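Try each task yourself before you look at the solution.

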Amino acid sequence: MTSVTTFLFGLILVHNIEGSKDGCPPIVQESSHFAETFGNTCFLFVDEEVYWNDARDKCWDMGGELLAVRDVATMNFIKATLNSKKLGWRNQGVWLGARYYSGKWRWTTGEAIDFQYWSPGQPSKILGLLSVEDCALMRRDDAWQWHDYICGSLKFHYKYICQFRLVKTTAAAAATTTTSSTAVTVAGIQGDGQSQKALYLKAFNSIYQHAAHSSAAAEDNGNMAILTIILIVGGIILLGLLIAFLVVRRRYQHALKHIDVRETVVHFANRSFTSAHTVLAPPPAPHVFSAATKTVCT
C-alpha cells in the first residue's frame with residue numbers, strides 16, 4: 001500500500017512539474033513551452049522575450065489571445081504560477097494583454113478592462129494628460145502588479161502568456177481522421193493539426209478580431225512614443241533658450257544705455273573743466289638776426 005501511495009504521489013509530482021496541457025488545443029500540446037489550465041482556460045507561458053506587439057501577434061497566430069485577467073482568482077493563479085519552481089522563470093517582467101487606445105485600457109479582444117491590478121501611481125501620464133507608455137506589464141519586484149510600459153522600442157521586450165479556451169478531443173473524430181494528428185471539435189468545426197491555427201482563430205476570435213486589429217492599426221508604437229517625448233523635451237529646451245536670450249538681450253541693451261549716459265556727462269564735465277582752468281601759452285616770438293650774424297653768414 002505504501003509503495004502504491006508513493007508511486008501515485010510521484011506521478012502527481014511529475015504532473016505538477018510539467019504542467020497540465022489536458023484540454024489545451026493541439027498547437028499548445030505540441031509546444032515545448034510550459035502550459036497550465038485554470039477554469040475553462042489554457043495558459044501557455046512562452047519563454048521568449050519580445051516586444052508587446054510581437055507577443056500579441058504570436059498569440060493571435062496560434063489562435064489565442066495575449067493574457068487577459070478578468071478576476072482576482074485568475075490573477076492569483078497567474079501569480080502563483082509565475083512564482084513557482086515548476087515554471088522556473090526568474091525574469092522581472094511579463095507582458096499583459098492590455099493596451100491603452102481610444103481613451104481606455106482594453107484587452108487584445110477589444111474589451112474594456114473591468115478588473116484591475118495596477119500598482120499605486122499606475123498607469124501614469126505626462127502632466128496628467130499625455131500617455132506614452134501604452135502597454136501593460138506585470139513586474140516580479142512589485143508582486144506582479146501592473147505597470148504601464150512603452151510597447152516596443154529600446155530594450156522593452158519581455159516574456160508573455162497566451163491563453164486559449166479548453167477543447168475536447170472526441171473519439172469519433174479521432175477514429176475518422178486520416179492523419180496522425182488528433183482531430184478536435186471546436187464549436188462544430190473539425191480539423192487536423194495543420195489547420196488548427198485557422199480553426200481556432202475563426203472559432204474563438206472572429207467576434208473581436210476586426211475591432212482589435214482596427215484599433216491596433218491606429219495605435220502609435222513605441223518608437224512614436226519616444227519621438228513624441230524627444231519633440232516635447234526639445235521644444236521645452238528651445239523655449240527656455242529663447243526666453244533666456246531675450247532676457248539677456250534686454251539687460252544688455254539696458255546696460256548700454258546707462259553707459260552712454262555716464263560717458264556723455266563725464267565728457268561734458270571734462271570740457272567744462274578745461275575751459276575754466278587751462279591757460280593757453282603765447283605763440284613763440286619770431287627770431288631776429290643781427291648785423292654781425294648776417295656778415296658772418298655772408
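Buried means under 20% relative accessible area, exposed means over 50%, and partly exposed is in between (1.4 Å probe, protein chains only). This is a predicted model, in which local features need pLDDT of at least 70, side-chain atom pairs count only at pLDDT 80 or more, and totals for chains, interfaces and linings use all residues. Residues are numbered from 1 along each chain as its sequence is written, and side-chain values use heavy atoms, with hydrogens and water left out.

**Exercise 1. Describe the ring pair of F43 and F77.**

Solution. 

Step 1: recall the rule. Rings of Phe, Tyr and Trp (its six-membered ring) pair if their centres lie within 6.5 Å; planes under 30 degrees apart count as stacked, over 60 as edge-to-face and the rest as tilted. The structure holds 12 such aromatic pairs.

Step 2: apply the rule. The ring centres of F43 and F77 are 5.3 Å apart and the planes meet at 45 degrees, so this pair is tilted.

Step 3: place the residues. Helices (H or I, at least four residues) and strands (E, at least two) are DSSP runs, numbered from the N terminus. F43 sits in strand 2 (residues 41-50) and F77 in helix 4 (residues 72-82), so the pair ties together parts 34 residues apart in sequence.

Step 4: check burial. Both F43 and F77 are buried.

**Exercise 2. Which kind of pair do the rings of W107 and W146 form?**

Solution. 

Step 1: with centres 5.9 Å apart and planes at 80 degrees, the pair of W107 and W146 is edge-to-face.

Step 2: W107 belongs to strand 5 (residues 104-107) and W146 to strand 7, so the pair ties together parts that are 39 residues apart in sequence.

Step 3: W107 counts as buried at 2% relative accessibility, and W146 counts as buried at 0%.

Step 4: look around the pair. Y100, W105, W107, F115, W118 and W146 form one aromatic cluster.

**Exercise 3. Where does D148 lie, and what does its side chain reach?**

Solution. 

Step 1: D148 is in strand 7 (residues 145-149).

Step 2: D148 has a relative accessible area of 2%, so it is buried.

Step 3: the side chain of D148 reaches the backbone nitrogen of S124 at 2.8 Å.

Step 4: list the contacts (heavy atoms within 4.5 Å). Leaving aside neighbours within four places in sequence, D148 is in contact with residues including W105, W118 and C135.

**Exercise 4. How many disulfides does the structure hold, and which cysteines do they join?**

Solution. 

Step 1: a disulfide is a pair of cysteine sulfur atoms within 2.5 Å. A search of the whole structure finds three.

Step 2: C24 is joined to C42, with S to S 2.0 Å. The torsion about this S-S bond of C24 and C42 is about 100 degrees, so the disulfide is right-handed.

Step 3: C59 is joined to C162, with S to S 1.9 Å. This link of C59 and C162 is left-handed, with -85 degrees about the S-S bond. C59 lies in helix 3 (residues 52-61) and C162 in strand 8 (residues 158-165), so the pair ties together parts 103 residues apart in sequence.

Step 4: C135 is joined to C151, with S to S 2.0 Å, and both cysteines are buried.

Step 5: number the bonded cysteines of the chain in sequence order, and the pairing reads 1-2, 3-6, 4-5.

Note on methods: A polar contact is a pair of N or O atoms within 3.5 Å; within protein, one must be able to donate a hydrogen and the other to accept it, and residues adjacent in sequence count only if both atoms are side-chain atoms.
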